Amino acid sequence: MDGPRIPLCNAGDLVDGGLAVPFDVVHGGQTCRAFAIRWQGRVHAYLNRCAHIAMEMDWQPNRLFDDSGRWLLCSTHGAAYQPDTGACAGGPCRGGLVRIELSERDGVVHWHTAFNLQPVEF
Ligand code: FES
């Protein structure tokens with residue numbers, strides 16, 4: 001069951017195939033980076049943790065799409081992921097990205113907490 005929804009960014013901050021918006025979550029008791037993107041008009045979010053080796057994937061800060069804007073690409077060894085599902089689409093990934101539910105309402109994007117995804121307490 002979904003828990004509380006946390007405001008993340010304005011809808012206009014996520015451009016199709018463009019830069020990601022980063023955020024932090026607690027997953028499995030550890031603080032992890034996560035990112036939100038827009039692809040084909042819809043918003044998606046994943047832990048920023050490659051399924052090959054648990055490393056962050058950015059090419060440059062918040063740049064996760066390849067040049068074509070078609071794939072999410074890990075900068076370390078080039079694993080490719082489907083932007084809309086996080087499934088492995090090529091390269092050395094074993095499995096897919098850990099998905100985080102998002103919703104978009106009244107111009108604001110929210111991420112959904114879950115039993116294994118909690119906000120970072122400050
Ligand atoms: S760490 Fe991402 S492809 Fe190897």
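Analyst: A salt bridge is a side-chain nitrogen of Lys or Arg within 4 Å of a carboxyl oxygen of Asp or Glu. By that criterion, a search of the whole structure finds five salt bridges. This is a predicted model, in which local features need pLDDT of at least 70 and side-chain atom pairs count only at pLDDT 80 or more, while totals for chains, interfaces and linings use all residues. Residues are numbered from 1 along each chain as its sequence is written, and side-chain values use heavy atoms, with hydrogens and water left out.

User: What makes Arg-38 and Glu-104 a salt bridge?

Analyst: Their side chains meet at 2.7 Å, N to O, and the limit is 4 Å, so the pair qualifies.

User: What makes Asp-67 exposed?

Analyst: Its relative accessible area is 74%, and the term requires over 50%, so the label applies. Asp-67 also forms a salt bridge with Arg-63, the closest N and O atoms being 2.5 Å apart.

User: How do you know that Cys-88 and Cys-93 form a disulfide?

Analyst: Their sulfur atoms are 2.0 Å apart, and a disulfide is a pair of cysteine sulfur atoms within 2.5 Å, so the pair meets the definition.

User: Why is this disulfide called right-handed?

Analyst: The torsion about the S-S bond of Cys-88 and Cys-93 is about 70°, so the disulfide is right-handed.

Key:
Buried means under 20% relative accessible area, exposed over 50%, partly exposed in between (1.4 Å probe, protein chains only).
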